[in-house]
Amino acid sequence: MKSIARAGLGLIVLACANRVAAAQEISALVADREASAELAKIVATVRQNGLPLEPILAKVQYAVMVRSPAPRIVAAAHAVAARLEDARSALAPQPTATDIVAGENALWSGVSRKSLEEIRKVSPNKPVAVPLGVLAQLVVSSVPEKKATKYVTDLIKRGATSDQLVALGNDVNAEVKLGTRAMDALEVRMNRLNAVLGVPGANGDAASVPTSLQSGDGKKKP
Amino acid sequence: MTDADHDPLLQRAIDELRQVPPLDRDAVRRVVSAAAAARLSAADEPVFVERAARGRSIRMWSAIGMAAAAAVVGFVARGQWRTGGEPAAVATTLAPTSSAPATTLQTAAASDADAKPILQQFVFDNARAKRVSVVGDFNTWNPNSAVMTRSSDGGLWSAIIPITPGRHIYGFMVDDSLFTLDPRAPKVRDADLGTDGSVVIVGRP
């Protein structure tokens, strides 16, 4: 009993220390007192709401590193906080912290909340950090968001592995960097994935499958 | 049979060392008196303390000790232990910050095997640099978190670091002063701050 009480006390003190430390971290980073106070408020609110703090701290640290002016840092932190909240509700009911961070990152990259919801819909009980990351990168690479979302959701439905999704995103990136049009690069890569994953629509959702996927040798990955 | 049994020189040295030095009785008395005096400080004298009060005292001290220890752990875990309360550090003199928030995230997602960090290798080519580190949202842009190792020929820097699955923004900090993008990775614009970063997507096979 005594040891439980001691452990409890230790945890409370540790939690308080961490809270103070987070505020100190912010004030140590941002010299401007007003900005620092404002950032501390944002951090406190985000913490109260049970959202992950990492993206805010990372944003502030990055902003200081690239010498952004204080008001811009505060605005950026506000924006991150709002996106975290948005990501959590779009990925409801039980997103992990990693999912929320990935959702925030996707929203930051121009992916809409609706697309986040669609990804969650096809993957209700699995982590969505990787699909969201790939979707975000496709959108940044100039693939129209609707198409990108459709491709990614289809791949999830067909059981594409996280590694296959990552490879798709990275390969499209590499080809875009070499001058290929994003959509062309995506089509080629999707055809290859189609060959590995099997005939699209075999599980009864042919209507949702992009035309580019309707080819291949029908081999299914074990 | 040891080596010393065969070597007379070694045996002589051992015999010399085994001899007890002459005893200085005054010195012994001084040490014993000093030790006895030290034991008679109030904190070490339990005879005059009521048992109940002593119990409370011990509980109070252990609670304070626990609190202090927890506070120290909290600060150290966040990389916040600063000796002098230095003023804000900017860019090149950034105070090291820890990846404690990342730990929080990992804890929150610990039930999910797919959310566990994955080792990711970063490579950067710069023969003139003296120190290069990977900085990114995965280590809260802390230049001390992932310092790269120089290759034997001196031109190539590399680091392998654990990163949670997903899309991450990063770059390289060269000689603690120059933020550089990864020329091999796609670039992305940070709309919040108007700056660029490199992108990596990490996934589990």
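In this predicted model, the buried residues of helix α8 in chain A are covered by elements that include α6, α7 (129-140), α9 (162-177) and α10 (182-197) of chain A. The residues being covered there are A:Ala148, A:Thr149, A:Tyr151, A:Val152, A:Thr153, A:Asp154 and A:Leu155.

| Helix | Residues | Length | Span, first to last C-alpha | Expected span |
|---|---|---|---|---|
| α4(A) | 70-90 | 21 residues | 30 Å | 30 Å |
| α8(A) | 145-157 | 13 residues | 18 Å | 18 Å |

For α4(A), then, the reach is close to what 1.5 Å a residue would give, and α8(A) is likewise close to its expected value.

Stepping back, chain A has ten helices and zero strands, so along the sequence the pattern is simply α-α-α-α-α-α-α-α-α-α. Of its 222 residues, 50% count as buried. If you take the contacts in chain A with a separation of 6 or more, 59% come from residues 24 or more positions apart.

How do α6(A) and α7(A) cross? Their axes come within 10 Å, at roughly 145 degrees, and the crossing is right-handed. On the α6(A) side, A:Ser115, A:Leu116 and A:Ile119 do the meeting, and their partners in α7(A) are A:Pro131, A:Leu132 and A:Leu135. Two of those partners, A:Leu132 and A:Leu135, show up again in the largest nonpolar core: it has 87 residues, and these two, together with A:Ile56, A:Ala77 and A:Val134, touch the most other members. Leaving out residues up to four places away in sequence, A:Leu132 touches A:Ala102, A:Gly103, A:Ala106, A:Leu116 and A:Ile119, plus B:Gly166 from the other chain.

Now for chain B. Which strands sit at the edges of its open sheet? The sheet has three strands in the order β1-β4-β3, with antiparallel pairing, and the edges are β1 (118-125) and β3 (149-150), each pairing on one side only. Two bridges tie β3(B) to β4 (residues 156-163), and across that pair B:Thr149 stands opposite B:Ser158.

Most residues other than glycine have a negative phi, and most peptide bonds are trans. A cis peptide bond joins A:Ala92 and A:Pro93, with omega about 15 degrees; A:Pro93 belongs to the loop between α4 and α5 of chain A. In chain B, B:Trp141 isn't a glycine but has a positive phi of about 60 degrees, and its place is the loop between β2 (132-136) and β3. B:Asp175, also not a glycine, has a positive phi of about 50 degrees and lies in the loop between β5 (166-174) and β6 (178-180) of chain B.

Is B:Trp141 buried or exposed? With 28 other C-beta atoms within 10 Å, B:Trp141 is buried. B:Asp175 has 13 C-beta neighbours inside 10 Å, so it counts as partly exposed.

Conventions: Residues numbered from 1 in each chain as written. Chains lettered and ligands numbered in written order. Predicted model: local features only at pLDDT ≥ 70, side-chain atom pairs only at ≥ 80, totals over all residues. Pairing = 2+ DSSP bridges. Helix = DSSP H or I, 4+ residues; strand = E, 2+ residues; numbered from the N terminus. Expected span 1.5 Å × (residues − 1). Buried ≥ 20, exposed ≤ 12 C-beta atoms within 10 Å, placed from the backbone. Contact = placed C-beta atoms within 7 Å. Core = buried A, V, L, I, M, F, W, Y, C linked by C-beta atoms within 7 Å. Axes fitted to C-alpha atoms, helices over the stretch in contact; angles between N-to-C directions. Left-handed = near helix turned anticlockwise from the far one by under 90°.
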